[in-house]
Amino acid sequence: MKDFSFYAPTQVVFGAKAEEKIPQLIKNYGGTKVLIHYGGKSAEKSGLLQEIKQRLTDAGIPFLTLGGVVPNPRLSKAKEGIDLCRKEGIDFILAVGGGSVIDSSKCMALGVPYEGDVWDFYAGKAQASACLPLAAVLTIPAAGSEMSGGSVITKDEGELKWSYDDNQCRCKFAIMNPVRTYTLPAYQTACGITDIMMHTMERYFSHEEMGITDALSIALLKKVKEYGPEVLKNPEDYYLRSQIMWAGSLAHNDLTGCGTIGDWATHNMEHELSALYGVAHGAGLAALWCHWAAYVMDEGVARFARFAREVLDVVDEDDTTAANKGISRMRSFYRSIGMPASIPELIGRKATKEELLLMAEKCSRNDTITNGNFKRLTYEDVLKIYTAANE
Ligand code: NZQ
Ligand code: ZN
């Protein structure tokens, strides 16, 4: 087990009336003028946005709004928000939405106090020394950004989707009301289930044995795999929605990463898919994972066999057979919840040779870095996995 530092400072307020606490929490964390940041139409349509505006008005907290964040959020929108925050003297950002809105908010919060181009952080050219306080009202359990230190932004020119990790931009608080997720389309719910499981799997596929952490991971994976299909059948079941929502935060607040360095190759490869085709992140992960797994399995068959036995109820005595059955069961699971298990299933056609080459080049930064830790993947490896996923 590797040494680690666990830092999860976000105050979680969970429950059917969680929104009531928003004004007081903003005040507690020093906010005096707020920017409410949101996505497309969902928060407006559900009445959530109006409710939050009313609560802030009643509490005498001045605010502005900025909507229009798209899934796989764009740098240009965050820059628009940075200008607005500076001009209006905003000192607190409230993200109302999912990973895309929260990440756009983090990018803005990092950009406001920075004199240079905020993209410097994502391009690895600078480390932030300050960040505006921010918080999230979560409407989709998936990305886990409400408790993570990361944000993923797409630079409009060149479709570069890169991430930046910084503890300074962890949300001060996260409002989680499972009722708000009842309106999610089945496809988005399934994307969320996939991403939540994948955040645990990325950390689980390590060469470290981690008794407690592994047990937590297995429990999360088993429960999300059990509740996921049920919630798709019963989208307005409070208990099921609440379990998935809490799992989403636990899967990505680093709890399941204590003692491991994690893999993250599937995530890095997926970011190229969502950058190029604009697909939902969770769906992109499902399209790739089985192909990554088959490619790297020989680096640690026992780990894959344990995953197969403990998460997917495979009973074979022989590790290789069990590991292969586990991968095959994950493929069936993805399809059973309406997720793709290959690139053609994801985008409705095969990727062209040029597209595969482009994604492999971008993912390996023109063959200058490797991806993943379970097996360190070179440019050639990444290209082979994309190619296998394209069959
Ligand atoms: O824009 P609106 O109209 O709100 O619609 C959204 C969007 O179309 C809709 N939606 C959200 N809540 C809803 C709802 N529709 C109906 N009812 C509701 N209650 O769902 C769609 C997807 O939203 P989005 O925020 O894009 O989803 P998600 O939370 O999956 O976020 C994906 C982004 O997060 C990044 C991904 O790469 C992607 O860009 N990630 C961020 C991470 C982080 N910061 O730690 C880690 C993740 O691995 C991930 O990479
Ligand atoms: Zn993810």
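A cavity here is a set of points, on a 1 Å grid over the protein atoms alone, where a 1.4 Å probe fits but cannot get out. This is a predicted model, in which local features need pLDDT of at least 70, side-chain atom pairs count only at pLDDT 80 or more, and totals for chains, interfaces and linings use all residues. Residues are numbered from 1 along each chain as written, chains are lettered from A and ligands numbered from 1 in written order, and side-chain values use heavy atoms, without hydrogens or water.

Next, select the residues lining the largest cavity (those with an atom within 4 Å of a point): among them are Ile140, Leu184, Thr189 and Arg241. α7 (186-204) and α9 (238-250) each give two or more residues to this lining; helices like these are DSSP runs of H or I, at least four residues long. α7 gives the most, with three residues.

Now jump to ligand 1. How many residues surround ligand 1? There are 32, and the closest include Gly40, Ser42 and Ser148; a residue counts if one of its heavy atoms lies within 4 Å.

Zoom in on His199: a polar side-chain atom there lies 2.7 Å from an oxygen atom of ligand 1. For His252, the distance from a polar side-chain atom to an oxygen atom of ligand 1 is 3.1 Å.

Finally, color domain 1 (11-180) and domain 2 (186-389), whose bounds come from an automatic or database domain assignment. Both give residues to the shell around ligand 1, so the ligand lies between them.

Technical notes
1 Å grid on protein atoms, 1.4 Å probe; cavity = no way out; pocket = protein on both sides within 12 Å on 5 of 7 lines; lining within 4 Å. Polar contact = N/O pair within 3.5 Å; in protein donor to acceptor, adjacent residues only side chain to side chain.
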